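Me: Got a model open here and want to go through a few packing details. Can you take them as I ask?
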Amino acid sequence: MKLVEIKNLNVEFPGKEYTTYAVNNVSFAIYKNETLGIVGESGSGKSVTAKSILNLLKDKSKYSGEIIYDGINMLKADEKTLRQIRGSEISMIFQDPMTSLNPLFTIEKQMYRLIKRHRKNLNAKQIKDLSIKYLDLVGIPDAKDRIKSYPHEFSGGMKQRVMIAMSLCLNPKLIIADEPTTALDVTIQAQVLTLLNNISENSSQSTLLITHDLGVVANTCDRVIVLYGGKIMEEATTEELFTNGLHPYTKGLLASMPRIGEKERLVPIPGNPPIITEKPKGCPFYERCSLRNEVCRSKELPKKEISPTHRLYCHMVEV
């Protein structure tokens, strides 16, 4: 059953000299009780797509299309409706916990403000007990005492755990995790990913995981969307993508991923991701693709159904 449906989403950032077309005609759904990954290089439009679900960029960008949640088009919802949904029904773990927490307030104060906004029937003691419960859940040691600490008294990994606790404490239907392991060391990354996996397995929540790391996707996600230049290149289950990824960009990402026990040199994708300042007509991967043909430059990408769960957007790959 669909929890969120995105239909023909376009996001543009107007500037003085040019407009950046960050997301271009993107359509997909997030289903109940699943973990969906969106993968791609920096600049592919992953975070813009995720933030658009909560309409967080409306003052800086131009939207078109629809994002439907519970019968509401999030792109046209008023601020009161958005405030009711944000945090309570759809929550977000941002990339950098260092800047996402307010350094002037204790963790207790910040969690109190969040919970009180959406759970007005709870008193101060109930809110504190709920905060401690979720700090315990995410592995904060001595949560009863640490809740009184300020953000600077926590390590990067602990701050990220606090952000996860804040995203979970209102029991949202969807958690958007925007590169939640960025800037964390490998050990802490593994702990955070294990935590997200355990939460997904033991609850009815859905998760949208934004990452550039295919290793994270392999261990976390049920389905994967490969995004490039603001367009979907391929969509499949995780197993289908890793065993039968078809798009040249998907194959490039897989070939550049290190594997334990293999001595072959990694094969990088030549060139750099584009900054799209003109409305794209064809495939944004054209300049870097070894299979490119003139039709790829100007003709809209076709959707090819490989299986009921596997879709490919490419002119040149025969199926």
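Me: Which residues of α4 meet α5?
Reply: This is a predicted model. In it, I107, E108, M111, Y112, I115 and K116 of α4 are in contact with A124, I127, K128, L130, S131 and L135 of α5.

Me: How many nonpolar, polar and charged residues does that contact have?
Reply: The contact of α4 with α5 has 8 nonpolar residues, 1 polar and 3 charged.

Me: At what angle do the axes of α4 and α5 cross?
Reply: Roughly 110 degrees, with the axes of α4 (residues 107–118) and α5 (residues 124–137) coming within 10 Å. That angle makes α4 roughly perpendicular to α5.

Me: Is the crossing of α4 and α5 left-handed or right-handed?
Reply: The crossing is right-handed.

Me: Switching to the open sheet of 4 strands. What is the order?
Reply: The order is β2-β1-β4-β5, and the pairing is antiparallel.

Me: Which strands stand at the edges?
Reply: β2 (19–31) and β5 (72–73). Each has a single partner strand, so one side of each is left without a neighbour in the sheet.

Me: Over how many bridges do β4 and β5 pair?
Reply: β4 (residues 62–69) pairs with β5 over 2 bridges, in the antiparallel sense. Y69 stands opposite I72 in β5.

Me: And which strands does α1 lie across?
Reply: Helix α1 (residues 46–53) lies across β1 (2–14), β2 and β4, and runs at about 120 degrees to β1.

Me: S47 is in that helix. Buried or exposed?
Reply: S47 counts as buried because its relative accessibility is 18%, and the cut-off for buried is under 20%.

Me: What is S47 in contact with, leaving aside its neighbours within four places in sequence?
Reply: Q95, D178 and I210.

Me: Last topic, β9. How many of its residues are buried?
Reply: 6 of the 6 residues of β9 (residues 223–228) are buried, so the strand is largely enclosed by the rest of the structure. R223, I225 and L227 are on one side, with V224, V226 and Y228 on the other, so both faces are covered.

Me: In which sense does β9 pair with β3, and with β10?
Reply: With β3 (residues 35–39) the pairing is parallel, over 4 bridges, and V39 stands opposite V226 in β9. With β10 (residues 231–237) the pairing is antiparallel, over 6 bridges, and Y228 stands opposite K231 in β10.

Me: Which residue takes a positive phi in the hairpin of β9 and β10?
Reply: G229, with phi near 60 degrees; the hairpin has 2 residues between the strands.

Methods
Residues numbered from 1 in each chain as written. Predicted model: local features only at pLDDT ≥ 70, side-chain atom pairs only at ≥ 80, totals over all residues. Heavy atoms only, no water. Axes fitted to C-alpha atoms, helices over the stretch in contact; angles between N-to-C directions. Parallel < 35°, antiparallel > 145°, perpendicular 65-115°, else oblique. Left-handed = near helix turned anticlockwise from the far one by under 90°. Contact = heavy atoms within 4.5 Å. Nonpolar A, V, L, I, M, F, W, Y, C, P; charged D, E, K, R; others polar. Pairing = 2+ DSSP bridges. Buried < 20%, exposed > 50% of the residue type's maximum accessible area, 1.4 Å probe, protein only.
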